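Open the model in your viewer and get ready to select residues. This tour goes stop by stop.

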Amino acid sequence: MEFEDFVRARGSALLRYGYVLTGNADDAADLVQEALLKLSDSWRRVRNKDNPEAYVRTVMARQHISWWRRRRREQVTADVPEGAYTEEYSCGELWRELATLPRRQRVVLVLRYYEDLSDKEIAGILGISRGTVRSQAFRGLNALRVKPSVRERERA
């Protein structure tokens, strides 16, 4: 399969995966574009693997973690920002609740429940230990369970 054929066939699936990771359509498009750009140089090697799409998804997950680490660093400035920043989500309640979690917890939950990966596979993709995967999943699920907004919706 040629690179262009792969992008046409699996591009929309990769975009959905990027959206699940980032929680934002624009960031998802950027993530897919960056991953495909990296992949284009090594396509000859990658296309001979068992599952090139899994390779691309791994690149996307690692790129997302890299972005998260870069953004996490605080930039001290003397200027006070004007106004407040609010982000609107276009999906349902689940995505809004997932977006409230720290990025690593969200990525672990997405890889575990949306992609149906094992702890060992998730640890390999993210470059962390299996124990860290389990603890991040536990904390993320715990945070989702105890939210008052979720309890109020259940009672209604």
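**Stop one: a buried valine**

Select Val 32. Val 32 counts as buried because its relative accessibility is 9%; buried means under 20% relative accessible area, exposed over 50%, and partly exposed in between, with a 1.4 Å probe and protein chains only. Val 32 sits in helix H2. Helices here are DSSP runs of H or I with at least four residues, strands are E runs of at least two, and both are numbered from the N terminus.

Before moving on, note how to read the model. It is a predicted one, where local features need pLDDT of at least 70, side-chain atom pairs count only at pLDDT 80 or more, and totals for chains, interfaces and linings use all residues. Residues are numbered from 1 along each chain as its sequence is written, and side-chain values use heavy atoms, leaving out hydrogens and water.

Now show the contacts of Val 32, meaning heavy atoms within 4.5 Å. Skip neighbours within four places in sequence, and you find Leu 14, Leu 15 and Met 60.

Next, select Val 56. Beyond neighbours within four places, Val 56 contacts Phe 6, Leu 14, Ala 35, Leu 36 and Leu 39.

Val 56 is also among the members touching the most others in the largest nonpolar core, which has 34 residues. Such a core is a set of buried Ala, Val, Leu, Ile, Met, Phe, Trp, Tyr and Cys residues joined through side-chain atoms within 4.5 Å.

**Stop three: Met 1**

Finally, select Met 1, in the segment before H1. Met 1 is exposed, because its relative accessible area is 61%.
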